[in-house]
Amino acid sequence: MSSQATGTSIQHSIVVEAPQGRAFTVFTEQFDRIKPHEHNLLGGEDVEETVFEARPGGRIYDRGVNGGMCVWARVLAVEPPERVVFTWDVSASWTPEADHEKTSEVEVRFVPEGPERTRVELEHRHLERHGEGWENMRAGVDSTDGWPLYLNRFEALLAE
């Protein structure tokens, strides 16, 4: 895995043993198995499922075991099998952010490296939009418990 933090964005990439189309499909259709349920903004309720509505205008949200729901992203672009773009509607204090002017953006690109290998490039950009404390958010999503964890779980899922 390679990583880079530049100013108000971070970038991570990983090469997975899967064709481009399969990598894209698994990422968008099995995101519930990629995102740790411990990454939870439901306020005390455990996550039963994370739903990724892979269409422009769709949402990414956690559904709780007691019926609660937390929408934490809006899907901006879906271009199978090349890329998906969504917002990060989480505040710098790690709570849901309703003000869309204070949200950042995540783009995940799927680049073929051959017929059975794909480079997955993740860029989380415009982190400064989160306002005061955005630097701590950048550090969090860039840490081993942030996007690198998601990409490692994705790679393991593809290897099953």
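Where is His 39 found? Select it: His 39 sits in the loop between helix H2 (31–34) and strand S3 (47–52). Helices (H or I, at least four residues) and strands (E, at least two) are DSSP runs, numbered from the N terminus.

The model is predicted, so local features need pLDDT of at least 70 and side-chain atom pairs count only at pLDDT 80 or more, while totals for chains, interfaces and linings use all residues. Residues are numbered from 1 along each chain as its sequence is written, and side-chain values use heavy atoms, with hydrogens and water left out.

**Around His 39**

His 39 is partly exposed because its relative accessibility is 27% (buried is under 20% relative accessible area, exposed over 50%, partly exposed in between; 1.4 Å probe, protein chains only). Show its contacts, meaning heavy atoms within 4.5 Å. Leaving aside residues up to four places away in sequence, His 39 touches Asp 62, Asp 145, Leu 149 and Tyr 150.

**The largest pocket**

A pocket is an open set of points on a 1 Å grid over the protein atoms alone, where a 1.4 Å probe fits, with protein on both sides within 12 Å along at least five of seven lines; lining residues have an atom within 4 Å of a point. The space in this pocket is about 290 Å³, a volume being the space filled by probe spheres set on the points, which are joined across faces, edges and corners. Helix H3 (134–142) and H4 each give the lining at least two residues.

**Trp 94 and Pro 81**

Zoom in on Trp 94, in the loop between S6 and strand S7 (104–114). Its phi is near 60 degrees, a positive value in a residue other than glycine. Next, go to Pro 81, in the loop between strand S5 (69–79) and strand S6 (83–88). The peptide bond from Pro 80 to Pro 81 is cis, with omega near -5 degrees.

**H1 against H4**

Finally, select helix H1 (residues 20–29) and helix H4 (residues 147–159), which pack at about 115 degrees with axes 11 Å apart. Axes are lines fitted to C-alpha atoms, for helices over the stretch in contact, and angles run from 0 to 180 degrees between N-to-C directions. H1 contributes Arg 22, Ala 23, Val 26 and Phe 27 to the contact, and H4 contributes Phe 154, Leu 157 and Leu 158.
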